[in-house]
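Please examine the sequence and the structure shown below before reading on. The paragraphs that follow lead through the fold step by step.

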Amino acid sequence: MKATIYHNPRCSKSREALALLREAGAEVEIVEYLKFPPTVETLHRLYARAGLSPREGLRRAEPEAKALAEADEFAILEAMAINPILIERPLVETARGVVLARPPERVRDIL
């Protein structure tokens, strides 16, 4: 099985999700999204597949997120593409779907 993880190596939850994918034998593509931010289109597709709104994928703990309190979904996606620290992590995609792997064990839902 192939999986893509939008990964921050400094995040313990992201590292745990990656470990679970590897333990399951998945062929994992790692996208360090802080270095290589996903496009607005990619984020839109991922959240749609996950059944999440961009607002639900927003990392609200970041100070920059407060400025998006009244923003529409497209503005949130644009902000995430410009400043990827705003993306809650890790996002994991397989042929079976997409999950926001918080907690990391959620990756098992799409394996």
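The model is predicted: local features need pLDDT of at least 70, side-chain atom pairs count only at pLDDT 80 or more, and totals for chains, interfaces and linings use all residues. Residues are numbered from 1 along each chain as its sequence is written, and side-chain values use heavy atoms, with hydrogens and water left out.

Two strands pair if DSSP finds at least two bridges between them. Strand β1 (residues 2-7) pairs with β2 in the parallel sense over six bridges, and I5 stands opposite I30 in β2.

The expected span of a helix is 1.5 Å times one less than its number of residues. For the twelve residues of α1 this gives 16 Å, which agrees with the 16 Å between its end C-alpha atoms.

Which residues of α1 are buried? They are S14, A17, L18, L20 and L21, where buried means under 20% relative accessible area, exposed over 50% and partly exposed in between (1.4 Å probe, protein chains only). An α-helix has 3.6 residues a turn, so residues three or four places apart point the same way. The cover over the buried residues of α1 includes β1, β2 and β3. The face turned away from the buried side carries the exposed residues R22 and E23. Just after α1, G25 takes a positive phi of about 85°.

Residue S14, in helix α1, counts as buried because its relative accessibility is 0%. A polar atom of its side chain lies 3.2 Å from the backbone nitrogen of N8. Although S14 and P90 are 76 residues apart in sequence, their C-alpha atoms are 5.1 Å apart in space.

P90 is found in the loop between α3 (73-82) and β3, and the peptide bond from R89 to P90 is cis, with omega near -10°. Another cis peptide bond joins R102 and P103, with omega about 5°; P103 is in the segment after β4. Most residues other than glycine have a negative phi, and most peptide bonds are trans.

Finally, R59 is placed in the loop between α2 and α3. At 15% relative accessibility, R59 counts as buried. The side chains of R59 and E88 are joined by a polar contact of 2.6 Å. A polar contact is a pair of N or O atoms within 3.5 Å; within protein, one must be able to donate a hydrogen and the other to accept it, and residues adjacent in sequence count only if both atoms are side-chain atoms.

Notes
Helix = DSSP H or I, 4+ residues; strand = E, 2+ residues; numbered from the N terminus. Contact = heavy atoms within 4.5 Å.
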